[in-house]
Structures are given as C-alpha cells and as structure tokens.
Amino acid sequence: MGHEGGTSTRICALVRIEGDPRDAYALLSEHESKALAQWGDIYAADIPVNRLYDLAACANVERIEANEPCSILVDTTAVKVGVQMVRDRTSEIPAFDGTGVVIGIEDIGFDLTHPNFYSRYLHRYRIRRLWDQLSTDTLNSTLVVGRDYVGKEALLNIKHSRDGLSQTHGTQTAGIAAGSGAEGSRTTSSYIGMAPEADLCLVANATSNNIDIIDESIRYKYTSTVDLLGFQYIFDYAESVGKPCVISFSEGFHASMYDEDQLFLQVLDKMVGPGRIIVAAAGNEGREKTYLHKEASAEKAGTFISSNRPYFLSLLRSYDRQKNMSVRLKFYGSGNETPLTYTLSSPAIYETPDSLYSDTLTSDGKKRFVVTMAAYPNYYKPEQTAFELLIEDLETGKVGGQNAPVSVELIGKDTDIEMFKYVGNMTTNTLDPTLNDATNGYSILAPSCSPSVISVGVTIYRTGVTNYLGEWKHVEEGTDGVRCTMSSLGPTLDGRIKPDVMAPGCNVISSNSTWYLEEHPEAQEIRWDVRHFEYEGRTYPWNSSSGTSMSAPVVGGIIALWLQAKPTLTPQEVMETIAATSRHYDPTLTYPNNLYGYGEIDAYKGLLHVLELENTGIIDHHLPQQTLLSMKGNTLYVQLEEPMATSADIFFYSLNGQQVHREELPPGQKRYMIPLPTLKSGVYAVQLNTGRAETTGSSLIRIK
C-alpha cells in the first residue's frame, strides 16, 4: 500500500513506551512511525510493518498490540417488530431532550440525508461531522485511514458513508439514540429517539460485515486501534465545542484470556471520565451454548461442535497446572464407521517449544484435520493456565455439523477444566446423547466487557408489528420488559458481573436508509419496514429491528439526557444512577446479576437521581400514561382520560426542592390550562396529587 512520505506497508497499532513522552515521540519518528494519539504511556501509532521488529526490540517499548475489527450486533434471526418509546414525550418542549450534548455513534451504513437527523421541524441539521474510515477520498486528510467531512454542506453532498449502499445499521442506531422523528413536513412522535435535540458525531468504521468493499491489499490497516481512534475523534470534537459526550457502540468481538487486548482495554479506561461516557452492546449470544465445564469431581464433560468456517476455535482454562488436563476429540464420518479418536494432554503441550503443539490427522488416507493447541498463563489469573484449541478441516471448508460430526470431551482426574466458545458452536448429536454438557454464559463481548464501559442487554415489550405492506410480522419473545433470550450473559472471563443494565432493544422502530432501500428493494430487511414516506423526491423508511445493537443506543440516548442535566457526570456516577434507579423485572433475583445486570434503565428515575430529587419526599413516581402534561409557552396543559371525580392539587418545585407554585384543580374536567407567567425560565418538577394511583405522579417540565 502506498503511504504519504513513503511506500512501505503500514499498520495502526497501540504501543506502550516507558519514559518521557518527548523521547517516545522521537523513538517513533526514528522508526519512521507517527504517533496518532496518546493516553498516558500508550500511543496509537502508524508503523511501517518492516520496522515493527526493530521497534519492539527497543528497551523502553513494553508492548505493541493490534487486533482485528469488530462485527455489528444486530440480531440475525429476523426478530424485527415494534417497541414503545422509552422516553415519554410529555410536552412540546420536553424538559430534557439532549440539547447541549454530543452523541457519538461509531457504526456502519449511515444515511446522512434522513430527516430524522434534523431537528423536529427541519430547521437544524444535527450531524456535525463524519469520519468515514472507509472513504477512498483522502485528499488533505491527516487521519490514518479514510477522511472526515465537516458541516451540513459537505455531509449532504456525499449523502451516505461509503458503505451506505450495502449497509444501514448506523442509520438505525443513530436514530434510536437521537432521532427527531421528522418526516419532512410533519413529525411522527411514535419514532422519536431518546435525545432528539442532541448533536451527532459519526464514525463509519470497518467491520467483518463491510470489509469486502475495502481493497484486499489494505485491509490489514483496519485494526481495533483504528476503532479506538474513532472514539477519540468523537471525544475530541465534543471537547472542541465544550459539550459533554456519550458514545454508543453496537459492535463487538470475543474477549480472550491471552493478553492481546490489554492495551485496548487500558486505553478505554483512560478515555472515559467526567462528561465522557462509552456505552456498548453486550452481544446477541444468549441463546447459544457457549460454555463447557468439567468439575474436578466429574469424570468428563462433553459437547459436539460445528463451525461454518474452515476452523473451530475455543478457549480453555485449567485451575491446576500440576494435574493432567486432556481433550479427547472424535471425528465421525458421514457413515456409521468408528470415529477417529484423538487425545491431546497438557504435558505434551508444555514440552513443546513455546507450549505450542500441532498435529495433522489422516482420514481415508488423506491429510484431513489439523489440531493445534497452545498454553499460556491466564491474563486475568496468572496462576491458571489458559489454552487455545484450534481444529481445522482441510477438506470441507467447515468443521463438524450433521454430515461429519465432531465431538470434544474434557477429561482429567480431579481436574477442573472450563471451555469457552470463540469461533463456532457447541451443539448436541444423537450419535452420543451423553455429550450435552454445554450451557449458556460467558458470552459478553468486548469492549462491553470492559470495566469502564456501560454494557447493555436487551428487554422486550411487543411481539408483533404490521409492515408497510400490511403484513403482520410476529415473533413470540415475551412482553413487559422480560429479558430477550438473545441477550448475552455474564460473567466476564475474569468473573465480573455483566451486563450492567438492560433496555428495550427487541423490535425497535427507527430510521432506515433510503440508499439501502433503493439498492436492495427486495432485501429481507425491507420486509421489516413499517412505514415509508416521501421527502425531497426520495422514499425514506422506518424499520423495525432487534438486538443489543438497538438497546445500546437507547441507553446512550438516555445518558445524554442525564448529561444535559449534569454535564460532568462520570462513568461511576452513571453506574451509581443505574444501580439506584433501574427497574427489576424479576424481584426474586438478587441485583446485579448476569442476566439483567442492575435491571432495566429508567430514564425518569435516573433524571431525578442525577438532579438529587429522588429522595426529597416531595416527588412521586412518573405520571402514568393516562395523564399527559404539555408545556406551550408559559402555559401548562393537563390532559386526563376521564374527568376528575374530586379536586386535585398540583405543585411546582425548583430543582433545589423548593415549592414555587401551587394550584387546586376543580373536579369534573378532563383538561386543565394553568398559566405560569411568574415562573422564571428553567426546569421544574411538577407533582400532581389526585387521590387516585391511576392519575397521581410527577413529571419534569421546562419553561422558556
């Protein structure tokens, strides 16, 4: 690949360099490398591949690290129906709508022209800039890949990110976090996002889903370090305009027990802070068997495996290096012949150079299977031994399955062994029904598994929606905020509870791309469009979709509302708010737990907590849906479903808890109009006491 200032192949990586930063920059320059960002003693650097060895050999270079990019986390089972909005729109001018906050979305497939990214009445375009990491137009770009586009004119001129004709995921996630619901001449309140007045800063990154549009000769450039630079790009923009920022990331990759991602996770810790929050999807592997455990008292534990790739990869760990840990593999043919059995034991691995063992197995006279196993100290618990087991099929291009099953058994007397899925699946087969020990768990993806990132799982409310063709699309998943079974489960590989919080993400309606619709009018995803509308000569869709991809921006948008109320919120304070105010679907469980984390996020209770109004004793729960408050100018309107049988009191409180106004509402009416000309501009808490639970509660209003 060509590069400005040289012709060598280059890669973007993280480098930890001890000592004075000036010496570190000089060292990188000496090795023809360029520092792109710095977090303490960790540098993101653009490095010539032919200088990596020399750089790594330098005495003060502790580590160089780069990993593959992520995958998007939308559900792939076509569970796409509608969900009620989490954020009640209780007034024409809601008390908190994301004004003054930047929401960062790093994703794929952005439609930059969708009216959803304007303000409600189209008077303000809210996408401030886009770093398109896939762009081939690198004119005057100082970025390591692609280029950025700044301002309305530049963004609308390119119309979509480079992958926008084949992807639409980012259009959906950005709409959930910050969509205004605008449809041109009208606004549909049904599809308004969590923070409809927030500014948007977008990064279109490379994932396994869109990598095909990048020339093969430069794909190696797109590493996890480039994803981190995308986060930094968003935070840098927010800092440049003096606004707090929350980033929503609906992608992920499997964590490892090797230390290959230690700098990645440490940089995340260094990035976040007051007014700088990262939210990430937990993953959609909750339905999958991902974990196999042989306890010390058990003779064996086993499972069948399969992979649609040419290899199956798993992680293992053993608690006692002195005891023999063995893996027994059985390769079944397509007939009833005796399976090929192969056993690999830990002593044989330890005796090989670098504790790396590999063997090729023959079947029907052919070299058919390659079995490789590596051992190393567990990064999280060095006293444990971690293993990676790689099984390759040289003939069929996939491993296992019904036509040529493969089984794995963990054996070893008095030895405790765990196995974790990495690439492939754990399954069952009637050939040996006893090998059915695989269970769910340990499926939280990175970066959601990071202690400094808010990890989000999925809940569900609706089970069906009518699409734009009038077809009823139905899925039986559950209602009332139950955990959706796709939602990945904790704990993390180092034993921490995750996810942190849940949010509606199964069957969420958001903006879809007009460019994707035009390019793929018969695509299966289009069957989940619930509405089409015309704007400036083009057809724009609203689409229903599911996955932790959808729940993460719900939480990101809600945190934007909290940041509007308190711009200096730290990740720890966000977690404290989540812990104190989240809804518990199953009260019999202890929270937090590896199913629900702290529970389902509550935007309103969270706001009260952030504003320190939660425990004042004067503010009650949120008003029920039967009661609507709307603020127009300096007049508050109260709308009830039924006339009040008795008189009621309505109280107004400033944010310091002081009562500033009170009105008595007479009985017999469903609609009340309360002028408030004496109250100064600002946010107030309103408490309505009617004597009936159905109509008693509180809300927040903003007077301009």
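**Helix packing, cores and strands**

Biologist: In this predicted model, which residues of α9 do His169, Gln172, Thr173, Ile176 and Ala177 in α4 meet?

Modeller: The two helices concerned are α4, covering residues 169–178, and α9, covering residues 548–565. Counting heavy atoms within 4.5 Å as contact, the five named residues of α4 meet a set in α9 made up of Ser549, Met550, Pro553, Val554 and Gly557.

Biologist: By class, how many nonpolar, polar and charged residues has the contact of α4 with α9?

Modeller: Gly counts as polar in this classification and Pro as nonpolar, which matters for Gly557 and Pro553 on the α9 side. By class, then, the contact holds no charged residues, and what remains is five nonpolar and five polar.

Biologist: At what angle do α4 and α9 pack, and how far apart are their axes?

Modeller: The crossing of α4 and α9 is right-handed. For this pair of helices, the packing angle is about 35° and the axes are apart by 7 Å.

Biologist: Which element gives the most to the largest nonpolar core?

Modeller: The largest nonpolar core has 69 residues, and those touching the most other members are Ile103, Ile454, Val555, Ile559, Trp562 and Leu700. In soluble globular proteins, nonpolar side chains tend to be buried together.

Biologist: Which residues is Val555 in contact with, leaving aside its neighbours within four places in sequence?

Modeller: Val555 is listed among the core residues that touch the most other members, and so is Ile454. With sequence neighbours within four places left aside, the contacts of Val555 are Val279, Ile454, Val456, Val501, Ala503 and Ile601.

Biologist: Is Arg317 buried or exposed, and what is its relative accessible area?

Modeller: Arg317 lies in strand β15, which spans residues 311–318. Not counting residues up to four places away in sequence, Arg317 touches Met257, Asn378, Gln384, Thr385, Ala386, Asp416, Ile417, Glu418, Phe420, Tyr442 and Leu493. Because the limit for a buried residue is under 20% relative accessible area, Arg317 counts as buried, with a value of 6%.

Biologist: How far apart in space are Arg317 and Asn378, C-alpha to C-alpha?

Modeller: Asn378 is one of the residues that Arg317 touches. In sequence the two are 61 residues apart, while in space their C-alpha to C-alpha distance is 7.5 Å.

Biologist: How many bridges join β14 to strand β22?

Modeller: Strand β14, residues 300–307, is mostly covered, with seven of its eight residues buried. Three bridges join β14 to β24, in antiparallel fashion, with Ser306 having Asn425 as its bridge partner there, and two bridges join β14 to β21, again antiparallel, where Ser307 stands opposite Val399. Strand β22, residues 406–411, also runs antiparallel to β14, and Lys300 stands opposite Ile411. The number of bridges between β14 and β22 is six.

How values were computed. Residues numbered from 1 in each chain as written. Predicted model: local features only at pLDDT ≥ 70, side-chain atom pairs only at ≥ 80, totals over all residues. Heavy atoms only, no water. Axes fitted to C-alpha atoms, helices over the stretch in contact; angles between N-to-C directions. Helix = DSSP H or I, 4+ residues; strand = E, 2+ residues; numbered from the N terminus. Left-handed = near helix turned anticlockwise from the far one by under 90°. Core = buried A, V, L, I, M, F, W, Y, C linked by side-chain atoms within 4.5 Å. Buried < 20%, exposed > 50% of the residue type's maximum accessible area, 1.4 Å probe, protein only. Pairing = 2+ DSSP bridges.
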